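Keep the structure open while reading.

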Amino acid sequence: MEKEIIDLEVKDFSFRYAGASADSLKKINLPIIKNKVTALIGPSGCGKTTLLRSLNRIHDLYPGNEYRGEVNFEGRNILSADEDLIHLRTRIGMIFQKPTAFPMSIYENIAYGLKLQGIKDKTVLSGRIEKALKGGALWGEVKERLNDEADALSGGQQQRLCISRAIAVEPEIILFDEPTSALDPISTEAIEKLIMELKDEVTIVIVTHNMQQAQRISDYTAFMYLGDLIEYGETDKIFNNPDEELTKQYISGQFG
Amino acid sequence: MSATDRRKVINKIVLATSTLFAVIGIFFLFWILFVLLKNGFEALNLSIFFNDGAPPLSVEELEILNKSREGLELSEFEQEELSWIEISGLRHAIIGQLMLAFGATLVGVPIGILAGTYVREYGADSKFANLIRDLSDVMMSAPSIVIGTFVYAIVVSPTGGFSGYAGIVALAIMMLPIILRTTDDMLGLVSNTLREAAIALGAPKYKMIMQVVYRGAKVGILTGILLAVARIAGETAPLLFTSFNTNFFETNLTEPIASLTVTMFNYATSPYEDWQQLGWAAALILAGFVLGLNIVGRVLLSMKHISTKKIFKKRKR
């Protein structure tokens with residue numbers, strides 16, 4: 001078996017939303033393995049999206065949320081108060097449920113993250129943009145119209161644009177929050193294929209409601225329920241021979 | 001009479017009454033417009049745009065002027081007289097009005113947009129932000145003459161005289177709450193996922209706001225600005241105690257400045273026929289200006305709706 005490197009380590013992690021009286025996540029322990037796809041599954045309200053959104057601290061956009069425990073990444077606890085969030089988010093990218101193309105051209109969308117990093121040189125930018133769009137499997141469809149508004153693309157294309165935009169800044173990890181739930185089956189297939197190609201370069205964490213999807217694309221699966229991590233293991237094992245009774249019930253569709 | 005019949009009769013009565021009152025309302029609206037257009041166009045001529053205020057004409061002078069305008073033959077004395085006549089125009093008031101409106105926009109827009117941005121992006125639902133929202137709503141419905149007296153107290157009185165600057169301050173104060181609230185509302189329409197997407201790419205908050213959120217809200221904010229300008233363009237009361245008025249062409253903002261509204265008031269209430277005519281012309285020009293701004297504003301707003309509809313259709317497909 002190939003050697004597994006832990007890219008990101010969630011340790012005794014608890015999370016509480018502003019004004020809530022109970023923790024939404026309770027002492028989660030979870031390793032995220034480098035260059036693998038880790039799927040977070042569980043019924044609505046189990047905390048899988050909350051966990052995902054903690055990993056790049058996007059919760060900080062709204063005041064009053066409370067983190068406890070550790071999330072270790074590149075040798076430091078990213079939950080610490082002095083963490084450089086802007087740097088962190090260039091290292092850990094994110095794709096959302098609905099496509100989030102910015103109201104600007106296709107070119108400017110991809111260039112946005114690069115310009116934030118201070119890249120101004122036109123040739124460098126063009127090169128990185130082409131590479132990113134190729135990586136996002138969108139280049140062939142948009143190379144003739146990079147200056148068109150991103151709004152003009154279809155939903156599936158917009159989602160691939162967002163993936164291209166995320167990989168343009170060359171992150172270590174990309175977090176996917178139900179990336180295909182708003183897309184048709186053909187676009188979904190394209191995104192799934194893309195995710196499996198991407199894992200050579202980046203580590204992937206994906207939240208999904210679709211268990212077939214988790215089975216198809218992930219190497220590891222974590223099953224969560226009511227803020228607890230019930231079971232974590234290789235995807236084959238979770239889906240075929242889970243240790244926990246609760247996991248078995250959820251996988252077989254008895255609740256959820 | 002059965003219950004159904006009764007309902008039908010009541011329905012007809014209510015329909016007839018409400019239609020009648022709607023017609024009465026619309027009748028007055030069109031009457032106003034008709035009188036304005038008729039008198040305005042009768043009074044309008046090119047010299048209005050090139051001449052400044054002048055003393056009113058005597059009855060004899062007016063007769064000679066009307067004769068020449070109608071193309072009637074003039075005696076030698078009348079021709080001599082005509083060359084001496086100084087015809088009043090509105091150039092001073094039009095330029096003054098534009099200067100005041102432009103100045104107020106220059107002052108009011110940045111403050112309004114930044115304040116609206118604070119309220120939506122930084123204050124969110126805090127007590128302080130909500131207090132600002134409530135105060136803006138109160139300010140929006142405050143009588144404009146009160147704002148005029150306020151500016152009289154804080155600008156005119158200390159500086160020792162009426163000035164264009166005081167007028168600009170008064171109009172800017174009137175614009176402020178409108179722009180603040182539209183900015184606030186329009187930024188509120190930008191979805192949070194767009195903000196999160198920018199943050200997730202490593203954008204600092206100020207860049208997220210300026211580069212992504214503003215772009216998403218720009219049409220709405222622009223519309224708010226246009227409607228605010230249209231709103232202040234028709235104000236007389238706040239200018240009465242601030243920029244006051246003058247019959248001369250004046251571009252020095254430390255001096256009293258003419259405005260179409262105050263000029264209109266003075267001319268319309270004067271006993272001189274040629275001045276009254278100018279009052280009508282001023283009313284027409286002002287109404288046209290405000291109408292133009294409103295149309296542009298609405299077109300911009302509807303363009304926004306069309307574009308979102310288009311996107312929605314595309315997504316559905």
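Chain A of this predicted model holds an open sheet of 4 strands, in the order β2-β1-β4-β5, with antiparallel pairing. An open sheet of 6 strands, also in chain A, has mixed pairing. Chain A is also in contact with chain B, through 26 residues of chain A and 22 of chain B.

- The edges are β2 (25-33) and β5 (76-77) of chain A.
- Each edge strand has a single partner strand, so one side of each is left without a neighbour in the sheet.
- Strand β4 (residues 66-73) of chain A and β5(A) run antiparallel and are joined by 2 bridges.
- A:F73 has A:R76 as its bridge partner in β5(A).

**The sheet of 6 strands (chain A)**

- The strand order is β6-β7-β8-β3-β9-β10.
- At the edges stand β6 (92-95) and β10 (228-234) of chain A.
- Both have a single partner strand, so each has one side without a neighbour in the sheet.
- On average, neighbouring strands of this sheet are turned by 15° against each other, direction ignored.
- Strands β3 (residues 37-41) and β9 (residues 220-225) of chain A run parallel, with 4 bridges joining them.
- For A:A39, the bridge partner in β9(A) is A:T221.
- Helix α6 (residues 155-168) of chain A lies across β6 and β7 (173-177) of chain A.
- Helix α6 of chain A runs at about 175° to β6(A).

**The interface of chain B and chain A**

- About 2200 Å² is buried between chain B and chain A.
- Carbon and sulfur atoms account for 66% of that buried area.
- The rule finds 2 salt bridges across the interface.
- A:E108 forms a salt bridge with B:R215; their closest N and O atoms are 3.7 Å apart.

**The side of chain B that touches chain A**

- At least two residues of this side come from each of α9 (192-200), α10 (205-233) and α13 (273-316) of chain B.
- Which helix gives the most to this side? α9(B) does, with 9 residues.
- By class, the residues of this side divide into 11 nonpolar, 5 polar and 6 charged.

Methods:
Residues are numbered from 1 along each chain as its sequence is written. Chains are lettered from A and ligands numbered from 1 in the order in which they are written. This is a predicted model: local features need pLDDT of at least 70, side-chain atom pairs count only at pLDDT 80 or more; totals for chains, interfaces and linings use all residues. Side-chain values use heavy atoms; hydrogens and water are left out. Two strands pair if DSSP finds at least two bridges between them. Axes are lines fitted to C-alpha atoms, for helices over the stretch in contact, and angles run from 0 to 180 degrees between N-to-C directions. Contact means heavy atoms within 4.5 Å. Buried area is the accessible area (1.4 Å probe) that two parts lose on being put together, summed over both. A salt bridge is a side-chain nitrogen of Lys or Arg within 4 Å of a carboxyl oxygen of Asp or Glu. Ala, Val, Leu, Ile, Met, Phe, Trp, Tyr, Cys and Pro count as nonpolar, Asp, Glu, Lys and Arg as charged, and the others, Gly among them, as polar.
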